[in-house]
Amino acid sequence: MSALGGPLPLPVVLAGARGHGRQHLENIRRLQDKGLVRLAGICELTPLTQEELGRDQLPEQSTDFGALLESTGAVIAVICTPIPTHTDLALTAAERGVHLLLEKPPAPSYAEFRRMADGVAAAGVVCQIGFQSLGSHAVPAIREFLAKGALGPVLGVGAAGAWARDEAYYRRAPWAGRRRLNGAEVIDGVLTNPLAHAVATALALDGATRAEDVERVETELARANDIESDDTSCVRVTTGTGPVTVAATLCAERPGEPYVLVHGGSGRITFWYKQDRVLVQRSGRGPREIEYGRTDLLENLVEHLTGGAELLVPPDSTGAFMKVVEAIRLAPDPASLPKGAWGLVPGENRRVVHGIDALVTAAAENLALYSELGAPWALPNEVSTR
């Protein structure tokens, strides 16, 4: 066993166990049943009750993250807290020699991302960024397929995400739907948080994962909801290999599975990344659909610490994604869509942008921005260069 991790099961502290953190709690339980980890502590502003924890015995709980890491002897910290807290909590763990699974987005700005990544590296601890889609076995399989030239030249990568969120989604926490809060950056927009996987996965399939791979970012940010951040947006990232265009909304007419679309000279690949499902379509051949497995990122972190497995999502592999976050942060505040552009869904308490499903699809198909597709409410795009 590697000296990095120590003997199994590895003690884990979870920061943020409610909301999305419940998924991490369930996953820790799953790995606990396999003998890989042990839930040693939970950091929450309000301690979890026995009823919330269910079958688990109450672990040590505290609002003081650093003290909890020390008292539990944690080897791994899972951080699933509000976006503006990520960097400071990650560095709190790193200073104590505790390895990390840090929920996406890793930081609200590129400067905060670098402060986190550089601090973690200096401390000599391991950090995994929580882009679960990058644990899909489809990602390396598609990359290998493309490298062999099976689609001919790659012309670009598109991604489409048409989801729906009701009014309660934006009231679930003070930072939800905000670009900034109490002087701190938040940048909780559709492309940086709920559909961040679409951006990160599209960049990964393009082969542009590092910050230096990004040459230019064009943004079009809009909002139908009464929020500060964006809920209907698109970006086009120019990389050394080609355009990557991602269009997304939380105001879909008919919500569906998000996907990434690789355009080749002699075919295309569609990857529904939440389902690990791939459709290959090539000239002169029938379509082929494949379902892949997935490696859990916390399990991969444990295997890296104890057996030397390759870490799947280290911080530097999300540098390109963070350049997109930075471009969105620096862009003008999202434009409020005129009332005629959206309507309310009776009984669902959510807003729908008229025609947005077709626009999102067309953006991925044509590698085009909303304004180029003729959306009457789309403003000329903003361009950020590195």
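The model is predicted: local features need pLDDT of at least 70, side-chain atom pairs count only at pLDDT 80 or more, and totals for chains, interfaces and linings use all residues. Residues are numbered from 1 along each chain as its sequence is written, and side-chain values use heavy atoms, with hydrogens and water left out.

I begin with the whole protein. It holds 10 helices and 20 strands, which are DSSP runs numbered from the N terminus (helices H or I, at least four residues; strands E, at least two). Of its 386 residues, 58% count as buried, that is, under 20% relative accessible area, with exposed meaning over 50% and partly exposed in between (1.4 Å probe, protein chains only). The C-alpha trace spans about 60 × 50 × 40 Å along its principal axes.

Let me turn to helix α5, residues 110-123. The buried residues of α5 are Y110, F113, M116, A117 and V120. They lie on the same side of α5, because they cover an arc of only 125 degrees around the axis, the arc being that of the directions from the helix axis to the C-beta atoms. On the face turned away from this buried side, α5 carries the exposed residues A111 and A122. After the helix comes G124, with a positive phi near 75 degrees.

Finally, helix α10 covers residues 356-366, and its buried residues are I356, D357, L359, V360, A362, A363 and A364.
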